[in-house]
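Reader: I would like to learn how to read a model like this one, feature by feature. Where do we begin?

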Amino acid sequence: MPVPRTHSALQLLRQAIGGHRGWPQFWRSPEPKPAYDVVIIGGGGHGLATAYYLASKHGIRNVALLEKGWIGGGNTGRNTTIVRSNYFYPQSTDLYDHSLRLYEGLSHELNINLMLSQMGILTLANSRHDVEMLQRWSNAIQVQGIACEWLEPEQVQAEVPALDVFGMRYPVKGAFMQRRGGTARHDAVAWGYARGASQLGVDIIQNCEVSGFEISDNRVRAVHTNRGTIRTDKVGIAVAGHSTVLATLAGFKLPLSSMTLQAYVSEPVKPALDRVINSPMVHAYISQSDRGEMVMGAGADAYFSYGQRGNLPPLEDGVRSILEMFPRFSRLKMMRQWGGVVDISPDTSPIIGKTPVTGMYINCGWGTGGFKAIPAGGDLLAATIAHDKPHPLAEPFCLDRFRTGRLVDEGAAAGVSH
Amino acid sequence: MLQIDCPWCGRRDEDEFTCGGQSHIERPALGCSDEQWGDYLFARINPKGLSLERWRHTYGCRQWFNMARDTVSHRILAIYGMTDPVPVLPEARA
Ligand SMILES: Cc1cc2nc3c(=O)[nH]c(=O)nc-3n(C[C@H](O)[C@H](O)[C@H](O)COP(=O)(O)OP(=O)(O)OC[C@H]3O[C@@H](n4cnc5c(N)ncnc54)[C@H](O)[C@@H]3O)c2cc1C
Ligand SMILES: [Zn+2]
């Protein structure tokens with residue numbers, strides 16, 4: 001049987017008849033070549049999207065993507081998959097809405113079902129002061145062109161029957177809702193970009209850990225890995241929680257802190273929740289996956305960690321907050337809990353652009369909320385690498401802002417971490 | 001769950017404490033460059049492994065102290081006073 005290159009109804013039928021034994025590998029697994037035009041480090045969504053857009057938009061195809069573990073095994077495969085573009089400042093709005101718009105066309109572009117489900121996201125106000133702050137927030141982004149609505153408590157109850165709107169200790173006083181927000185399938189995002197990049201000629205090399213750089217005259221010349229030295233004069237780094245480790249190897253400083261962020265899911269149940277709910281004050285968020293599991297999270301763990309596992313006290317806090325909002329979920333059994341190493345920046349905004357080393361570019365600092373930004377992060381890093389000049393949307397997010405003081409302080413909008 | 005030996009109160013659960021970030025950061029002279037000031041405010045070692053941190057017993061005696069801790073295993077290697085020098089850490093050679 002010829003190797004099918006795409007997924008179609010016909011392919012599905014053929015493969016079903018063949019017992020699903022004929023599906024090809026999603027991407028090639030070549031041995032690393034001695035040299036590439038560009039090396040991307042990190043096989044999470046941001047690295048994969050960068051490699052894909054380098055090849056698809058900029059015609060740069062002699063590219064290697066090096067991943068120390070497996071594709072999507074970092075935060076991209078560990079997150080709670082919420083997408084939205086309701087941050088506060090115009091720079092962020094431009095960035096995150098660019099991303100959401102790319103997501104809206106991405107299943108088609110990558111020919112893979114990303115299960116983008118724009119079910120709507122509600123941010124709850126649980127006090128009079130929350131009402132004032134959230135109305136300001138929602139007005140601000142409407143001025144910036146992001147559609148969102150203010151809901152009174154009765155309307156919140158109509159949108160979310162399972163929510164204990166009036167009974168909870170801090171009853172819901174209102175909410176603002178972005179209907180285009182929702183969830184998408186994280187693995188499919190990683191696999192779709194990986195396949196797309198691979199088909200365009202990018203070498204995706206797993207089990208390949210970068211352990212150092214060759215730098216002379218402040219210019220990167222090669223990367224050292226456990227699978228040999230690879231020569232290149234352009235390196236893009238997208239390693240999330242491990243960004244400082246690689247920056248230290250390259251000899252520059254970053255303003256990041258690596259922390260654990262946890263998520264937890266319940267046993268699958270019938271559809272009971274068809275909105276994403278998030279309360280900055282009660283401090284937790286929840287959505288129901290297409291498989292029926294309740295997917296939950298709250299704030300990051302309280303101290304620095306590269307452990308990639310969660311601690312008990314924040315897990316207890318998160319679950320308590322969910323039950324405050326949804327007492328009826330109290331008898332759900334929890335199935336799994338896990339953690340990822342997130343790279344928190346001082347203003348909870350990302351860093352995208354050049355580094356002090358010539359030929360070295362970075363995409364990091366997404367912290368607890370970079371899944372929604374994968375298409376944009378990849379697009380902007382690819383453009384910055386291709387033109388050796390920050391993409392206009394990425395300019396406000398340059399590393400230099402920590403010297404000039406032009407921070408993009410999204411602490412409040414990043415709030416409950418997702 | 002970490003159990004932390006507060007120098008004043010003894011062993012308590014981690015949720016009584018607050019981690020106050022990297023320790024031993026020195027404030028540069030006021031005439032320093034923007035770059036030095038930016039580094040002082042924002043650049044962090046963020047180590048994978050041995051980390052020297054300030055902690056406070058927030059829901060206890062409210063005193064600050066220093067801790068040497070491994071950020072992968074979370075193991076506490078030493079607890080020492082706010083103005084003390086970094087103690088010798090035999091376990092942290094790796
Ligand atoms: C529990 C949790 C919930 C989250 N929920 C949301 C959410 O709902 N919505 C949202 O928008 N965001 C969310 N996030 C954040 C989001 O997951 C991340 O910001 C995003 O996935 C980062 O993608 P990335 O590609 O930069 O990093 P990653 O996916 O972590 O990829 C980095 C890769 O680099 C590799 N690497 C590291 N060091 C090296 C090396 N030396 N050599 C080679 N490879 C290396 C790692 O193995 C890893 O695969 C959540 C995160 C967590 C942990
Ligand atoms: Zn004490």
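**Reading the model**

Author: Begin with a surface. Chain B has an accessible surface of about 5700 Å², and 49% of that belongs to carbon and sulfur atoms. Keep in mind that this is a predicted model.

Reader: Which elements make up chain B, and in what order?

Author: Chain B has 1 helix and 6 strands. From the N terminus the order is β-β-β-α-β-β-β. The C-alpha trace spans about 45 × 35 × 20 Å along its principal axes.

Reader: How many of the residues in chain B are buried?

Author: The cut-off for buried is under 20% relative accessible area. In chain B, 33% of the 94 residues are buried. For contacts, look at separation in sequence. Among those between residues at least 6 apart, 42% join residues at least 24 apart.

Reader: Now the ligand. Which residues come nearest to ligand 1?

Author: The shell holds 39 residues, and Glu67(A), Thr76(A), Thr80(A), Gly370(A) and Lys372(A) come nearest. By class, the shell has 15 nonpolar, 19 polar and 5 charged residues.

Reader: Which elements give two or more residues to the shell around ligand 1?

Author: They are α2 (45-58), β13 (257-266) and β17 (334-344) of chain A. β13(A) gives the most, with 3 residues.

Reader: Let us take single residues. Is Ser257(A) buried or exposed?

Author: Ser257(A) lies in strand β13 of chain A. Its relative accessible area is 18%, so Ser257(A) is buried. Leaving out residues up to four places away in sequence, Ser257(A) touches Phe304(A), Val342(A), Asp343(A), Ile344(A) and, from chain B, Asn46(B).

Reader: And Val223(A), buried or exposed?

Author: Val223(A) counts as buried, because its relative accessibility is 0%. It sits in strand β10 (residues 219-225) of chain A. Beyond four places in sequence, the contacts of Val223(A) include Val39(A), Leu66(A), Val210(A) and Phe213(A). Now compare sequence with space. Val223(A) and Pro171(A) are 52 residues apart in sequence, and their C-alpha atoms are 55 Å apart.

Reader: What should I look for in phi?

Author: Most residues other than glycine have a negative phi. Asn111(A) is not a glycine, yet its phi is positive, about 50°. Asn111(A) is found in the loop between α3 (90-110) and β4 (121-125) of chain A. At 29% relative accessibility, Asn111(A) counts as partly exposed.

Reader: What is the phi of His24(B)?

Author: It is near 65°, a positive value in a residue other than glycine. His24(B) lies in the loop between β3 (18-22) and α1 (34-42) of chain B. With a relative accessible area of 37%, His24(B) is partly exposed.

Note on methods
Residues numbered from 1 in each chain as written. Chains lettered and ligands numbered in written order. Predicted model: local features only at pLDDT ≥ 70, side-chain atom pairs only at ≥ 80, totals over all residues. Heavy atoms only, no water. Near = heavy atom within 4 Å. Helix = DSSP H or I, 4+ residues; strand = E, 2+ residues; numbered from the N terminus. Nonpolar A, V, L, I, M, F, W, Y, C, P; charged D, E, K, R; others polar. Buried < 20%, exposed > 50% of the residue type's maximum accessible area, 1.4 Å probe, protein only. Contact = heavy atoms within 4.5 Å. Areas by Shrake-Rupley, 256 points an atom, 1.4 Å probe, with all protein chains shown as cover.
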